[in-house]
Amino acid sequence: MKEKTRNRATAAGLLIAIGIVYGDIGTSPLYVMKSIVEGNGGIGHVSRDFIIGSISLVLWTVTLLTTLQTVVIALKATNHGEGGLFALYTLVRKCAKWLVLPALIGGAAILADGTLTPAVTVTTAVEGLKGIEFGAGNVPVSTQGMVITITVIILLILFGIQRMGTSIIGKAFGPIMFIWFAFLGIMGFINMSADWSILQAINPYYAIKVLFSPYNKAGLAILGSIFLATTGAEALYSDVGHVGKANIIGSWPFVFICLALNYFGQGVWILNNPNYHTTGDFNPFYEMIPSNLRLAAIILATIAAVIASQALITGSFTLVAEATGLKFLPRMNIIYPSTEKGQIYIPAVNKMICVATIAIVLLFRTSAHMEAAYGLSITISMLATTILLYEWLVVKKVHPIWNWIFLIFFGFLDIMFMLSSLSKFTHGGYVSLIIAGVIGIVMYIWFYGNKIRDKREGRNAYVRLDEYIDMLTALSHDEDYPTYATNLVYMAKVKYNKFIKREILYSILDKRPKRASAYWFVTVNVTNEPFTAEYAVNTYGTKNVINVQLFLGFKQQQRVNVYLRQIVHDLIADGTIEPQPQEYTTTPGRDVGDFSFVIVNDVISPQTQLRGYERWLVEARVGLQNMSSNPASWFGLDFADTVIERVPLILGNQHPVGIKRIPPKTFEKLKRKLRTEDKL
């Protein structure tokens, strides 16, 4: 029923989609034409053919990359209704091991975009205030320094309220963004009506012509500015699980028409004002708006920019949570600020994005400089998506000819846009690559470091749990040892329902025998389905040794203590385990005892025999583990009784280390020799 509901468009669903999905692409008119004109030397150096060709490029770029590739094709590649790069990867990861690379690179690029979008959109919106007179010659915002101050204040407030969640203000996003798009369309239509010949831009001939014409001073590098019109297209795919496929398909025509009308309107205004001069920063979006509506337009644009930034921040939280579930990133502390599904807050990510965004604002200072850094990372993520979509088409057994046409056509477009964006590298594009590179390296270290660790630990690292059942049962009933806990829970992976790491049993039996009424070995398995919440148990014929396999979707909250308490109730109810009545309790009739959770962490041992690249990778992975949040928060155990034990990680082929005993006579001779040396 839930899936059927998602497949139907509703008025409320369409409004929610407009508010959540289109914030980024909806604020593109603020800077696209501005960037194109500035890239050609300013308004005095553009011709009619140049403007028509540029608008044609914008329209056909959005048509091909957003409408055709994303709305028509990508929205079909959903994982139980969920979309996005990582959801797409889970659909094809069994096809080839190397497919993890485009997933890692693309994910890093999208996260890098999360730091750039708030900086560009908010700064561009606030710049509209610069030079505007209020009253009798009063200009409150007269310098770029004032613009930067206002921008930083808005961004600090935006990041500061994240911990409160967005469930309340989020309900207003839809109506506000609907007004914004209607405003874009109306203003564009009014200006466009002065010269209907601008509709020539619909013809793709002009798009191709402008790329190779002498009046285009930027050459193919103009595509770097054109691509800004389609940034945010990935949100249509990643947010499909939140708003539904039908609502995105139903709302996109309205959004596209409003965007197109605004670009047409800006084009006509530029053509009708070839000798226009302004004391402030030139932006055709604001210049074409009547002066009596300018302030309202700036306020509305700023609100739209904040909404677009909010969508990117929320999307970054979701993406990091998914990456953690897929073991691309270390586990982080995740907070759920509201009861709404999908509402999460990751403090560490919020701080990092906040610092990076404000640093970008302070470094580049103007939106024109920020636009040089913007877009490059998204071209990389789009190329990664194209590669994974090609593999999905193969999985779906689409005819090979169509598969190759898709890969070659869209791959060529993605590469062309990426190369054109690289032309901005020295002008700020390096920033997005540095941010994406750092995130990508972290993902690579964590993913492949885990792979090497699992591979090199060898068979000796694991023992059969079922062979220790009698020993554990005896310890559970041995009254010579004090009770450590009623329920002793180890967060430990049990392979093939019987193999467990030796260090887990060493912790129970050797370090200090830990007596408990029940020993729980809990494995969290992340499934390809987004919201799975299931479990299976194996008691090995006992009532006090329980292997629990939790199956949680990659978008599911990992609150192990909550799940485990329900599981204990279920097993007591069906007689699988004994009741645990509590004599001292504030809850009458309580039949579940206390819990103590144990998490075993690795530290590199000096005996590790790995060399070179593998040793560096494992050491870096352990370093990231130690730098990340408290392991208790990984499983939602922040308020549970949790103990973290550290054990040495010994990898590679082990060489026996021995020491030779000295005979008594030899020892006496050695002592006399040492005394003689001391006297000297």
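Predicted model: local features only at pLDDT ≥ 70, side-chain atom pairs only at ≥ 80, totals over all residues.
The chain comprises 680 residues, and 54% of them are buried. Its secondary structure consists of 27 helices and eight strands. Along the principal axes, the C-alpha atoms occupy a box of roughly 105 × 80 × 60 Å. Among the contacts in the chain with a separation of 6 or more, 81% are between residues 24 or more positions apart.

The largest pocket holds about 1,800 Å³ of space. Its lining is made up of 47 residues, and those nearest the centre of the pocket are Lys 327, Asn 450, Arg 453, Asp 454 and Lys 493. Several elements each give at least two residues to this lining: the helices H16, H21, H23 (502-511) and H25 (612-627), together with the strands E4 (515-527) and E7 (595-604). The greatest contribution comes from H21, which supplies seven residues. By class, the lining of the largest pocket contains 23 nonpolar, ten polar and 14 charged residues.

The structure contains two cavities of 30 Å³ or more, and the volume of the largest cavity is about 170 Å³. This largest cavity is lined by 15 residues, with Thr 70, Glu 234, Tyr 237, Met 382 and Thr 385 closest to its centre. Helix H5 (48-73), helix H12 (233-238) and helix H19 (376-395) are the elements that provide two or more residues to the lining of the largest cavity. Seven of the residues in that lining are nonpolar, seven are polar and one is charged.

The structure has 22 aromatic pairs. One of them joins Tyr 205 and Tyr 206, whose rings lie 5.2 Å apart centre to centre with 75° between the planes, an edge-to-face arrangement. The two residues of this pair fall into separate accessibility classes: Tyr 205 has a relative accessible area of 48% and is partly exposed, whereas Tyr 206 has a relative accessible area of 18% and is buried. The value for Tyr 206 counts as buried because the cut-off for that class is under 20%.

A further edge-to-face pair is formed by Phe 328 and Phe 447, with 5.5 Å centre to centre and 70° between the planes. Phe 328 lies in the loop between helix H16 (294-325) and helix H17 (347-364), while Phe 447 belongs to helix H21 (residues 429-457), so the pair ties together parts that are 119 residues apart in sequence. Both partners are buried, Phe 328 at 0% relative accessibility and Phe 447 at 12%. Helix H21, in which Phe 447 lies, is also the element that gives the most to the lining of the largest pocket.

Ring pairs also build a cluster, which consists of Tyr 22, Phe 178, Phe 181, Trp 252, Phe 254 and Phe 256.

The charged end of Arg 621 is placed over the ring of Trp 446, at 4.6 Å from the ring centre. The charged end of Lys 514 is placed over the ring of Tyr 484, at 5.7 Å from the ring centre.

How values were computed:
Residues numbered from 1 in each chain as written. Heavy atoms only, no water. Phe/Tyr/Trp six-rings, centres within 6.5 Å; stacked < 30°, edge-to-face > 60°. Buried < 20%, exposed > 50% of the residue type's maximum accessible area, 1.4 Å probe, protein only. Helix = DSSP H or I, 4+ residues; strand = E, 2+ residues; numbered from the N terminus. Lys NZ or Arg CZ within 6 Å of the ring centre and 35° of its normal. 1 Å grid on protein atoms, 1.4 Å probe; cavity = no way out; pocket = protein on both sides within 12 Å on 5 of 7 lines; lining within 4 Å. Points joined across faces, edges and corners; volume = space filled by probe spheres on them. Nonpolar A, V, L, I, M, F, W, Y, C, P; charged D, E, K, R; others polar. Contact = heavy atoms within 4.5 Å.
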